[in-house]
Amino acid sequence: MTKNFLSRVALLVAGALLSVAAFANEGGNLQQSGTDLTDKASLQRGAAGFMNYCSGCHSLKYLRYARIGEDLGLSEDEVMQNLNFSGGKIGDHVLSAMPPELAKSAFGKAPPDLSVIARVRGSDWIYTYLKSFYLDETRPVGWNNTLFPNASMPNPLWELQGVQQPVYGKKTATGDLPVEGFTISQPGRQTAQQFDQTVRDITAFLEYAGEPAALKRQNVGVWAILFLVFFAFMAWLLKHEYWRDVH
């Protein structure tokens, strides 16, 4: 029994080490996204950013255009004119206009649906990922990513961010050159602060897309707490009135 117990412990430790190693390979240093789902202006900008720079390849198949308009305070005309580039109807799901066959031939595989990416990866991961692209001529698409190495995706926001060049550190024992930072070799249309806000907005929108009901649940939660406070106050008054004659 002791040998079996030790074997199980060894397997658990090995699994933990492998998990840590895998996390390190994807870049464990995540930047805080600072998203705020109560900021509708941020969500609206994020929706526009996603539709303009991401929806050409990626879908949100669990989210409808009508739901976006309802939740983000946008009219049907605003949604159809500014967010719908696929030609779908207001009640349709947000699907990429790129045919799967074309996507597969261009990138090797069809880009994934991003409906629940924030729930799977987390908002900080998305925020850091979108800021971690750099030029890499060894890659088929010419780009690489420090958080998700060898990703088959080009930098969708390079026109805004500018062109990032890697700053390499000392060569490791395995012969690899770790990327320790970035320099901007070609400025983008936005300053660093403006780009951070753009990425934060897109991240917030993807966080919302992963669970649209969260917006209403937060509002309901506030009213529920207020009701409980009011009910507790009324119960205290009733108790006070009931026990007044007893004392």
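The second largest pocket of this predicted model is lined by 20 residues, of which Gln 31, Lys 131, Ser 132, Gln 164 and Phe 182 lie nearest its centre. A pocket here is an open set of points, on a 1 Å grid over the protein atoms alone, where a 1.4 Å probe fits and where protein lies on both sides within 12 Å along at least five of seven lines, and lining residues have an atom within 4 Å of a point. About 380 Å³ of space lies in this second largest pocket, a volume being the space filled by probe spheres set on the points, which are joined across faces, edges and corners. Strand β6 (179-187) and helix α9 are the elements that give two or more residues to its lining. By class, that lining comprises six nonpolar, twelve polar and two charged residues, where Ala, Val, Leu, Ile, Met, Phe, Trp, Tyr, Cys and Pro count as nonpolar, Asp, Glu, Lys and Arg as charged, and the others, Gly among them, as polar.

Residues are numbered from 1 along each chain as its sequence is written. In this predicted model, local features need pLDDT of at least 70 and side-chain atom pairs count only at pLDDT 80 or more, whereas totals for chains, interfaces and linings use all residues, and side-chain values use heavy atoms, with hydrogens and water left out.

The largest pocket holds about 650 Å³ of space. Its lining is formed by 26 residues, and His 58, Pro 112, Leu 114, Tyr 129 and Met 153 are the closest to its centre. Two or more residues of this lining come from each of α6 (117-121), α7 (123-130) and α9 (192-210), with α7 giving the most, namely four residues. The lining of the largest pocket has 21 nonpolar, three polar and two charged residues.

In the chain as a whole there are ten helices and six strands, these being DSSP runs numbered from the N terminus (H or I over at least four residues for helices, E over at least two for strands). Of its 247 residues, 30% count as buried, a term that stands for under 20% relative accessible area, with exposed meaning over 50% and partly exposed the range in between (1.4 Å probe, protein chains only). Among contacts between residues at least 6 apart in sequence, 66% join residues at least 24 apart, a contact being heavy atoms within 4.5 Å.

Helix α2 (residues 40-53) packs in this model against two other helices, α3 and α9. The axes of α2 and α3 (residues 65-72) come within 10 Å and cross at roughly 155 degrees; axes are lines fitted to C-alpha atoms, for helices over the stretch in contact, and angles run from 0 to 180 degrees between N-to-C directions. The two helices are therefore roughly antiparallel, since angles over 145 degrees count as such, while those under 35 count as roughly parallel, 65 to 115 as roughly perpendicular and the rest as oblique. Lys 40, Leu 43, Gln 44, Ala 47 and Met 51 of α2 meet Tyr 65, Ile 68, Asp 71 and Leu 72 of α3, a contact with six nonpolar, one polar and two charged residues. The buried residues of α3 are Tyr 65, Ile 68, Gly 69, Asp 71 and Leu 72, and the helix is followed by Gly 73, whose phi is positive, near 70 degrees.

By contrast in direction, the axes of α2 and α9 come within 7 Å and cross at roughly 95 degrees, which makes α2 roughly perpendicular to α9. Residues of α2 in this contact include Leu 43, Ala 47, Phe 50 and Met 51, and those of α9 include Ile 202, Phe 205, Leu 206 and Tyr 208. The contact divides into nine nonpolar, four polar and two charged residues.

Several loop residues can also be described. Asn 84, in the loop between α4 (76-82) and β2 (93-94), counts as buried at 8% relative accessibility and, leaving aside neighbours within four places in sequence, is in contact with Tyr 65, Val 79 and Lys 89. Lys 109, in the loop between α5 (100-107) and α6, counts as exposed at 54% relative accessibility. Residues up to four places away not being counted, Lys 109 touches Ala 103, Lys 104 and Ser 152; the C-alpha atoms of Lys 109 and Ser 152, 43 residues apart along the chain, are separated by 8.7 Å. Asn 150, in the loop between β4 (143-145) and α8 (158-161), is partly exposed at 48% relative accessibility, and its phi is near 65 degrees, a positive value in a residue other than glycine.
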